[in-house]
Amino acid sequence: MDLSRKKLWVFDVDNTLILDVEHPTPFKDALTLWSSLEEKGCTLAILTNVGRLSSRQVHQAVERAGFHLPVERVYTAGAAAAAYIHNRSPGARCFVIGEGGAQEDFIARGLDVANNPPIDFVAVAADRGMTFDELNFATKMVKQGAGLVCVSGSRDYSGKYLGQDDVYIGERSIVAAIEHATGVVAVTVGKPLPEIVTETVKTIGFKLTNAVIIGDNPNSDIAGGNAAGVTTILVKRDPHNIVAFESGGLDTKPTLTVKSLEDVIDLL
Ligand SMILES: [Mg+2]
């Protein structure tokens, strides 16, 4: 396989570049591929399903781990959800669940993040400090007609919160409670939604045929990349660290599977 014409390389973060955003130890093979791509003049970008942290916070984490790029090329599910809402209703009033990160991406997009009615959209990212009152308020607002957006779609995930390593229920599971209570079905914005990949590639200024997406997760990175029409590379990591997402019936077979990202260098 010849990847020499691929000029835009979009990386997943958790379990691809670093273990996860709360354990930001870099994978050595990822650092090696990253610098090879830089030497060849390729454009590097990040597209992560993390919604509880903002683009700026994810950028800080990867920079500290040794992956350098402009903050403008870091795309989170929170930023994508903010763009989705902004495109439909500029300046909408949004009630946002999500550890502060999603809120930051929403404010950066010019949306009005609010905790009182009227609310146009309820957006739910992973939030380990969420209270019953917040969940109940979100449910009431959706019952009264607010749109419901799930920021990314993990059922659960490992992480570290208030110093504690554990497994936590994800945004998709929180949204399921609101869906159950209201009968409203949420729009999920995050990989594998193909539009996220398409928008990322086009916003940076490339054609889909010149782009590659690399990730550890067949159901999010690979399914989304395939559906968008970009080349997909699956890196085999510890299966215990793969976050559970729904592929939505999309094709999860990668263009290329590698055990180490260093194997990609020979194909550049
Ligand atoms: Mg991942």
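Biologist: Is the crossing of H3 and H4 left-handed or right-handed?

Modeller: H3 passes H4 in a right-handed crossing, the term for a near helix turned clockwise from the far one by less than a right angle, anticlockwise being left-handed. This is a predicted model, in which local features need pLDDT of at least 70 and side-chain atom pairs 80 or more, while totals for chains, interfaces and linings use all residues. Residues are numbered from 1 along each chain as its sequence is written.

Biologist: What makes H3 oblique to H4?

Modeller: The axes of H3 (residues 77–88) and H4 (residues 101–108) come within 8 Å and cross at roughly 40 degrees. That angle makes the pair oblique, the term for what remains after roughly parallel (under 35 degrees), roughly antiparallel (over 145) and roughly perpendicular (65 to 115). The axes are lines fitted to C-alpha atoms, for helices over the stretch in contact, and angles run from 0 to 180 degrees between N-to-C directions. Helices (H or I, at least four residues) and strands (E, at least two) are DSSP runs, numbered from the N terminus.

Biologist: Which residues of H3 and H4 meet?

Modeller: Gly 78, Ala 79 and Ala 82 in H3 meet Gly 101, Ala 102, Asp 105 and Phe 106 in H4, contact being C-beta atoms, placed from the backbone, within 7 Å. This contact divides into four nonpolar, two polar and one charged residue. Nonpolar covers Ala, Val, Leu, Ile, Met, Phe, Trp, Tyr, Cys and Pro, charged covers Asp, Glu, Lys and Arg, and the others, Gly among them, are polar.

Biologist: Why are H5 and H6 called oblique?

Modeller: The axes of H5 (residues 132–143) and H6 (residues 171–182) come within 10 Å and cross at roughly 45 degrees, and the two helices are therefore oblique to each other. Their crossing is right-handed. Leu 135, Ala 138, Thr 139, Val 142 and Lys 143 in H5 meet Ala 177, Ile 178, Ala 181 and Thr 182 in H6.

Biologist: What is the order of strands in the open sheet of six?

Modeller: The order is S5-S4-S1-S13-S14-S15, again paired in parallel. S5 (74–76) and S15 (256–258) have a single partner strand each, so one side of each is left without a neighbour in the sheet. Neighbouring strands are turned by 20 degrees against each other on average, direction ignored. S14 (residues 231–235) is joined to S15 by three bridges, and Leu 234 has Thr 257 in S15 as bridge partner.

Biologist: How far apart are the C-alpha centres of domain 1 and domain 2?

Modeller: The centres lie 25 Å apart. Domain 1 is 8–49 + 191–265 and domain 2 is 90–189, bounds that come from an automatic or database domain assignment. Their contact takes 11 residues from domain 1 and 11 residues from domain 2.

Methods. Two residues are in contact if their C-beta atoms, placed from the backbone, lie within 7 Å. Two strands pair if DSSP finds at least two bridges between them.
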